[in-house]
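Please examine the sequence and the three-dimensional structure shown here. The explanation below is intended to be read alongside them.

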Amino acid sequence: MKREAVLIIDFGGQYDQLIARRVREQNVYCELRPCTVTLDEIRAFDPIGIIFTGGPNSVYDEKAPHADPGIFQLGVPILGICYGCQLLAHQLGGQVTPAQDDAAREYGKTVTRFDTSCRLFTGIPEQSVTWMSHGDYMAKVPEGFSLAARSDNCPNVAICDEARGFYGVQFHPEVNHTQYGKQMLRNFLYEVCRAHGSWTMADYKNTAIAAIREKVGDGKVLLALSGGVDSSVAAALLAEAVGSQLTCVFVDHGLMRKDEGDEVQAAFDPWPIQFVRVDAEERFLAKLAGVSEPERKRKIIGEEFIRVFEAEAKKIGRVDYLVQGTIYPDVVESGGGDAAVIKSHHNVGGLPDYVDFKEIIEPLRLLFKDEVRQLGRQLGLPEYLVQRQPFPGPGLAIRIIGEVTKEKLDTLREADFIFRDEVAKAHLEGTMSQYFAVLTNMRSVGVMGDGRTYDWTVALRSVTTDDFMTADWTRVPFEVLDAVSTRIVNSVPGVNRVVYDITSKPPATVEWE
Ligand code: XMP
């Protein structure tokens, strides 16, 4: 069978990687190339379909990027999205103008009516919501095209030329707000481009491994392993690609959850890699002694991590490459801006910039979290590692209010384990994005047996969110909360009260510190 690949031409839109991800999700291989890609390169790529992305420009701007006109003669179907749609119209003889009045500019959710006889809209309802984001308007559609969707404000929301397989949509089918967007992209791939959908994450794995081998050659590779999903998957990928040249340094700062350090080590035992587990608990606890201010704790932990890692890297000797488990949302979120610092995040998996290395390798840079998980499964990582909820770099230290001591850590580890265990027993893991226990610095009076107690309060926290920027508190069933509370109070010494946090983010944050 012919290799099936879709070419996404990048005109600078914000959702370009999301388009790529949506195509992969439909089991079709794709690559994103800059809009300067030449006709020869496109021919060599031999795509079954081409997608023009959105972009910040207006097509009639002098410096606006264009496609090589030869692209329209290749006999390959094209889907233009937003700017890509206007470009298609503009380059094929239509007319695009700035929307004269505010009404024709459309931003956000827009009720749209579709001509479902158009192949792009096959099988979807005649009316649904789309996500628009355009200030320009297609005043005249090019010859050969017909209108295929309209909104109240705009008669030309989508255009199609079925004969040539050219389609343009003013909205963004790749974002979740467009109700049937995934189906539209699927229609383009399967109805128009005639894809068979044979691409899988196993193919991604093989391509990534080949690329890593080519880049690394016989060089030495170093990876800071935190035990989180991203750095674990990156480690597994590198282990598979260049295992004998790889050293993973796992700094166990003593702030991990119950059994976590052993689990991480056990997961990496089968690979033929150098696995260095540094037991740094004493070091970290000594630095944290007497510190109760949250930001101080974070800074101390971040810095100490770097110091320990640095010492280990020195022992290993010269390394050529440093691997980071950066994933696509990290790339987007680190895009800059002047946002206020709410908490200084220490991604313990990353960023020592002092080690003497040639280059940083970020093999997960283009993947979204759920794709990283799929890749982890492909690589044979155990499910408990792959499905792991996010765990902050500073660990339990930011879930103990006030000073961090070994005793408090042990108390919190037990309470947290019980919460996670009861959630698992109730099969609720999939309904919560992150759930954990917090050891407050509040003590209160209780009665156990016939005696008075004066012990700590544990708070339970569970949130549901897509992106962790905002989060809603999870409506955990009362009977589960009841089971957790009873078990904690009965079996964790020093705790006589359990409360549940019912605050969303904002105004609260997910972690308590
Ligand atoms: P907040 O508490 O800021 O948390 O609402 C949002 C998400 O980020 C995680 N988090 C961290 N992750 N290093 C990390 O790698 C950190 O320093 C850190 N602080 C918070 C938090 O667990 C939640 O998933």
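The model is predicted. In it, 9 strands form an open sheet with mixed pairing, in the order β2-β1-β3-β4-β11-β10-β9-β6-β7. Strands β2 (29-34) and β7 (127-134) are the edge strands, each pairing on one side only. On average, and with direction ignored, neighbouring strands of this sheet are turned by 25° against each other.

Within the sheet, strands β9 (residues 146-151) and β10 (residues 158-161) run antiparallel and are joined by 3 bridges. Ala149 has Ala158 in β10 as its bridge partner. Helix α3 (residues 83-91) packs on the sheet, where it touches β3 (49-52), β4 (78-81), β7, β10 and β11 (166-169). The direction of α3 makes about 120° with that of β4. Helix α4 (residues 181-192) also packs on the sheet, touching β1 (5-10), β3, β4, β6 (106-114) and β11; the direction of α4 makes about 165° with that of β4.

Helix α5 comprises 16 residues (201-216), which at 1.5 Å a residue should span 22 Å. The end C-alpha atoms of α5 are 22 Å apart, in agreement with that expectation. Met201, Tyr204, Lys205, Ala208, Ile209, Ile212 and Val216 are buried in α5. Seen down the helix axis, the buried residues of α5 fall within an arc of 130°, and they therefore line one face of the helix. The elements covering these buried residues include β12 (221-225), α6 (229-242), β15 (321-323), β16 (359-361) and α11 (369-378). After α5 comes Gly217, which has a positive phi near 55°.

Technical notes
Residues numbered from 1 in each chain as written. Predicted model: local features only at pLDDT ≥ 70, side-chain atom pairs only at ≥ 80, totals over all residues. Heavy atoms only, no water. Pairing = 2+ DSSP bridges. Helix = DSSP H or I, 4+ residues; strand = E, 2+ residues; numbered from the N terminus. Axes fitted to C-alpha atoms, helices over the stretch in contact; angles between N-to-C directions. Contact = heavy atoms within 4.5 Å. Expected span 1.5 Å × (residues − 1). Buried < 20%, exposed > 50% of the residue type's maximum accessible area, 1.4 Å probe, protein only. Arc of directions from axis to C-beta.
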